[in-house]
Amino acid sequence: MNTSKYKIVVLSSLKDSTTTLLKTAISLAKKNNASIHFFHVKKPTEIVSTDNQLSAKRAINSKFTQTNKEINELVSEFSKKYNIDINSSFTFGNVKHEIDTFLEDINPNIIVIGKRKNKGIAALGDKISKHVLKKKGKTIVIASSENDLKPENEISLGVYNELKQQHSTDFVDEFIEEPLKKFEVVDSNKKSISTSLIENNVDLLLVDRETIKPKSTKSFDKLLSKIDISLVVAN
């Protein structure tokens, strides 16, 4: 029996590019023998718009069936296409609380979230995305739909400025080993980050958490606005 060494969780609002999120997770899983779990939370206010208990119950049951079918079809499609098992689950409730509870239970090595096209994070909502980014001991991947990872291709890795030698997880240490390509991407006025990435065919950029300080909205959004590839936030 082949036991997965790492766990990858995909957090999706089902409004962002779920295709991009799953392709990113599969690309990483194939590289590092990781399991994948797709998770979705929906706020009750998005389902119930009436005070009538009977009507509310019907609305919840209907939405449950619809959401279950949508997620199962999506996950099944990618699982068959790339020959990889993908678990999935969803729930209704307070989004931040349900995500925290789920992550605590699953304890993943890496969490995949999305970003809006040509903008910063917020595919899960500004507050939720930034809340996830603050998770200590977790590697966060922000998947870009503009230049998404393709499971059938090798991953070309770029490094943003200097990256500390010590990482918080074995996943990152193993992930940046050969045969991945490595490029030092230096942010300067002479050459934009995007230009450097394109010239070196980089499709995944590794960034030190302490370097960009994601808790700072301004500095983090500024970096995201400069690049159009997926980003790995390590340490």
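**Salt bridges in the predicted model**

At 16% relative accessibility, D148 counts as buried, since the cut-off for that class is under 20%. The values reported here were computed from a predicted model. D148 takes part in a salt bridge with K23, in which the closest N and O atoms lie 3.2 Å apart. K23 is located in helix α1 (residues 18-32), whereas D148 belongs to the loop between β5 (139-143) and β6 (156-160); the pair therefore ties together parts that are 125 residues apart in sequence. Like D148, K23 is buried.

D148 also meets the side chain of K150 in a salt bridge, with an N to O distance of 3.4 Å. K150 has a relative accessibility of 36% and so counts as partly exposed, because this class lies between the limits of 20% and 50%. Through these contacts, K23, D148 and K150 are linked in a network of salt bridges.

In total, the structure holds three salt bridges. A further pair is formed by the side chains of K135 and D100, for which the N to O distance is 2.4 Å. This pair links distant parts of the chain, 35 residues apart: K135 is found in the loop between α4 (126-133) and β5, and D100 in helix α3 (residues 95-106). With a relative accessibility of 23%, D100 counts as partly exposed.

How values were computed
Residues numbered from 1 in each chain as written. Predicted model: local features only at pLDDT ≥ 70, side-chain atom pairs only at ≥ 80, totals over all residues. Heavy atoms only, no water. Salt bridge = Lys/Arg side-chain N within 4 Å of Asp/Glu carboxyl O. Helix = DSSP H or I, 4+ residues; strand = E, 2+ residues; numbered from the N terminus. Buried < 20%, exposed > 50% of the residue type's maximum accessible area, 1.4 Å probe, protein only.
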